[in-house]
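Thanks, everyone. Please have a look at the next slide, and then I'll walk through it.

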Amino acid sequence: MIIEGLFVHHDRIERHQVACTFKRSTRHSIPLIQKVAHKIGTADLIFNDDALIFPAFIDIHVHARDDIGKKESYKEDFNSLSLAAINGGVFAVVDMPNNLTAPPINQINYKQKLKLVHDLNLNSNSNSNSKIAVALYAGITRDSNPFIMDESNVPYKYFFNSSPQIQITEEIISRYKNQQITFHAEDANYFLPGPELSNDKHYKHYKHHEVRSEEAEIRAIKEIIKLTIKYNLKTIIAHVSTVEGVKLCQQAKKEGLNLKLEVCFHHLLLNHEEHPEKYFQVNPPLRSKKTQRAMLDFIIDKNSPLYSPFDYLVTDHAPHTFEEKMKGISGFPGLDTYGLMAAYLIKEKGVDPTLISRLSSYNPGKFFNYFQNSDEKIFLGKIEENYHAKFTVMDFSKKTLIDKNFIQSKCKHSPYNGMEVNAKVFLV
Ligand SMILES: [Zn+2]
């Protein structure tokens, strides 16, 4: 099979051909890239220059809500998550550990959840066109310890605000020396009106984005940088949402720290002035128009010395029901619209497609390839020999309306509802 078109690598855009072939022993039905060249032969599939072809997108921050207890499967499960991801041009995800019945905070639960994923996803052989590849985070709690698992690598997630006392956080993190940890960076000590008053009647006079102030994120990032140095961590700051937070991380990176940054589409595109809570309630909250614009400028303004501080574009997909949203629950879905919002950033905001390729394919590909716990590994993120041949195509000659018919996630709503995007996005 030969595909021809305009391929978007992390460092260049080039029109060429890609030859793919099936390896006989593979259980999953994803071909391997055999050759990349300008002319290999007669193409089976040709895309004109209206289409951009990326290495398949990978979202390293989603909440599928699925575990053995199925208590939240009314919100989503790995099957509906797969459909939403494919709809959004996303072929692989890394799932967060905040499950209700058996959260993967110890090895037994982690292996149990892995089995659930393996039974469902690619390796199951059943209709693999509706399946995606899934890797799993493990959770960190007050009593948890790093896993000792043979031949596997486990990424951890820590909610910084789960303990308001920094000494306790440090005591926990000190057990995770040298590990890969993604931090939810909000320090509850800087919530307004303050944690001790959070049940007080004053609390209701504050809006969600006022309670969870920018200061809370900035303070948490400062502490996380200290912990990263002290315990030699490989750190990811999840969904950074403040300019000051970004700058602190940029400086830390310059000083050689192993620190990476996630950014969510919604912190680049939405703000609390135009998108009011409750529906638009999320953690960290949508910020002011000014902050949102500055966050977007980080990926637009190539002349700025601060250009491109992020490593991963993520959704933080959190598929609550619409009723739950209107009661005021934090988080919203994003997987269905991953590819369309990436297309929107390119087409309407002038973001360089190679930057999207880096943040949505190349960098998350390296993360996924390393942390997938599968007996048959899939290699994603690059259009190169011996990587798997999965591509996200953006066809700019078509349009897509985002409405409840478009959404494949069980929740059937989207923060981008009603928007028509000048692109169609699909996986090949
Ligand atoms: Zn999250």
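Which residues of H5 meet which residues of H6? From H5, they are Glu217, Ile218, Ile221, Lys222 and Ile225. From H6, they are Glu244, Gly245, Leu248, Cys249 and Ala252. Contact here means that two C-beta atoms, placed from the backbone, lie within 7 Å.

Some ground rules. This is a predicted model: local features need pLDDT of at least 70, side-chain atom pairs count only at pLDDT 80 or more, and totals for chains, interfaces and linings use all residues. Residues are numbered from 1 along each chain as its sequence is written. Helices (H or I, at least four residues) and strands (E, at least two) are DSSP runs, numbered from the N terminus.

Back to that pair. H5 covers residues 214-230. The axes of H5 and H6 are 9 Å apart, and the packing angle is about 15°. Axes are lines fitted to C-alpha atoms, for helices over the stretch in contact, and angles run from 0 to 180 degrees between N-to-C directions. H5 and H6 are therefore roughly parallel. On this scale, angles under 35 degrees are roughly parallel, over 145 roughly antiparallel, 65 to 115 roughly perpendicular, and the rest oblique. The crossing is right-handed.

Now H6 itself. Its twelve residues should span 16 Å at 1.5 Å a residue, and the end C-alpha atoms are 17 Å apart, which agrees. The expected span is 1.5 Å times one less than the number of residues. Val243, Gly245, Val246, Leu248, Cys249 and Ala252 of H6 are buried. Buried means 20 or more other C-beta atoms within 10 Å of a residue's own; exposed means 12 or fewer; partly exposed is in between; C-beta atoms are again placed from the backbone. The cover over the buried residues of H6 includes H5, strand S12 (234-237), strand S13 (259-264) and H8. After H6 comes glycine 256, with a positive phi near 95°.

On to H8, residues 289-300. Its buried residues are Gln292, Met295, Phe298 and Ile299. Down the axis of H8, they fall within an arc of 110°, so they line one face of the helix. The arc is that of the directions from the helix axis to the C-beta atoms. What covers them includes H6, helix H7 (265-269) and helix H11 (353-371).

H2 comes next, residues 107-120. Its 14 residues should span 20 Å, and its end C-alpha atoms are 20 Å apart, which agrees. Which residues of H2 are buried? Tyr110, Lys113, Leu116 and Val117. They cover an arc of only 120° around the axis, which puts them on the same side of H2. The face turned away from that side carries the exposed residues Ile108, Lys115 and Asp119. Helix H1 (78-87), strand S8 (133-136) and strand S9 (138-139) are among what covers the buried residues of H2.

One more helix pair. The axes of H10 (residues 338-347) and H11 come within 9 Å and cross at roughly 150°. That makes H10 roughly antiparallel to H11. This crossing, too, is right-handed. Ala342, Leu345 and Ile346 of H10 make the contact with Pro353, Ile356 and Ser360 of H11.

Stay on H11 for asparagine 369. With 19 C-beta neighbours inside 10 Å, asparagine 369 counts as partly exposed. Leaving out residues up to four places away in sequence, asparagine 369 touches Phe379, Leu380 and Gly381. Its C-alpha atom is 5.6 Å from that of phenylalanine 379, ten residues apart along the chain.

Last, the backbone. Most residues other than glycine have a negative phi, and most peptide bonds are trans. Here are some exceptions.

Arginine 65 has a positive phi near 70°. It lies in the loop between strand S6 (57-62) and H1. Arginine 65 is buried, with 26 other C-beta atoms within 10 Å.

Serine 308 has a positive phi of about 60°. It lies in the loop between H8 and strand S14 (312-314). Serine 308 counts as partly exposed, with 17 C-beta neighbours inside 10 Å.

Then the cis peptide bonds. One joins glutamate 277 and lysine 278, with omega about 25°. Another joins asparagine 283 and proline 284, with omega about -10°. Lysine 278 is in the loop between H7 and H8, and proline 284 is in the loop between H7 and H8 as well.

Key: A crossing is left-handed if the near helix is turned anticlockwise from the far one by less than a right angle, and right-handed if clockwise.
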